[in-house]
Amino acid sequence: MAELDLLGSILSSMERPPAAADGEARRRAREQAARVKKLQEQEKRQKVEFRKRMEQEVSQFIQASGEPRRRFQPMNKIERSILHDVAEVAGLTSFSFGDDEDSRYVMVFKKEFAPSDEELEAYRRGEEWDPARAGQRRRLRELAAQQEEEEELQRGPAPPGPPTDYKDKYRHLIGSDAAKAAARTMEANKAYGCVPVANKRDTRSIEEAMNEIRAKKRLRQAEDEGGAGGAGGASA
């Protein structure tokens, strides 16, 4: 019994063989990967074939002398990018037009027939380009601008606008003489900070200076003695 229990524990610890569901999942994953790879290869071949076809059409367009521009059929974003690249390599100019993604198309122009801004605007509006009609519209715009200019000359110069000087703007608040009254005419004192040359140095001799000091000292002593005598008489 012990040996059977040991064998059972060993068998239970061992990994069980994969179930049938796991094998089916792996098989489906392999099939899905194979389909994706096949679709990618097919898409790659389609791009190569489409580019070759566009190269041929662009080459025919270049050789056609009486065709200044060519409009291609609507195509998706990837195909439009391929056609733009082919046109650029061939030295042509290309533009995409159309509002909806399903209706967008590419138009290729030869360099000597590069479109004007008016022509591009017409294509963006979904209109066919008509040079005669565009010239008529241009003349109408020029006439309208000329007429407006003549009307401005007849009206004459525009009335003067509000004063821009701040003093005129606030004249009703501060008055016309307020600034003048507040201003003061200042003149620099040219003598400020200047000392006469005679005061910069003492021209007396040493002896004269000492005599003046002694005289002042004797005068102070006499004044002190006189003050002391007057005080003693008063006390007597």
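A contact here means heavy atoms within 4.5 Å. With that in hand, welcome to a predicted model, in which local features need pLDDT of at least 70, side-chain atom pairs count only at pLDDT 80 or more, and totals for chains, interfaces and linings use all residues. Residues are numbered from 1 along each chain as its sequence is written, and side-chain values use heavy atoms, with hydrogens and water left out. Of the contacts in the protein with a separation of 6 or more, 48% are between residues 24 or more positions apart.

**Fold**
- The protein contains ten helices and three strands, taken as DSSP runs numbered from the N terminus (helices: H or I, at least four residues; strands: E, at least two).
- Along the sequence, these elements follow the order α-α-β-α-β-β-α-α-α-α-α-α-α.

**Surface and burial**
- Of the 236 residues in the protein, 13% are buried; buried means under 20% relative accessible area, exposed over 50%, and partly exposed in between (1.4 Å probe, protein chains only).
- The protein exposes about 20,100 Å², and carbon and sulfur atoms supply 53% of that area.
- Accessible areas come from the Shrake-Rupley method with a 1.4 Å probe, and for residues only the protein chains shown count as cover.

**Salt bridges overall**
- The whole structure holds 14 salt bridges, each defined as a side-chain nitrogen of Lys or Arg within 4 Å of a carboxyl oxygen of Asp or Glu.

**A pair in helix α2**
- R28 and E24 form a salt bridge whose closest N and O atoms are 3.4 Å apart.
- Both belong to helix α2 (residues 20–63), and because they are four residues apart there, about one helical turn separates them.
- R28 is exposed, with a relative accessible area of 55%, while E24 is partly exposed at 28%.

**The R125 and E127 pair**
- Another salt bridge links E127 with R125, with 3.3 Å between the closest N and O atoms.
- E127 is partly exposed at 31% relative accessibility, and R125 is also partly exposed, at 46%.

- E212 pairs with K216 in a salt bridge, and their closest N and O atoms lie 3.6 Å apart.
- In helix α10 (residues 206–235), E212 and K216 are four residues apart, so about one helical turn lies between them.
- E212 is partly exposed at 32% relative accessibility, and K216 is partly exposed at 46%.
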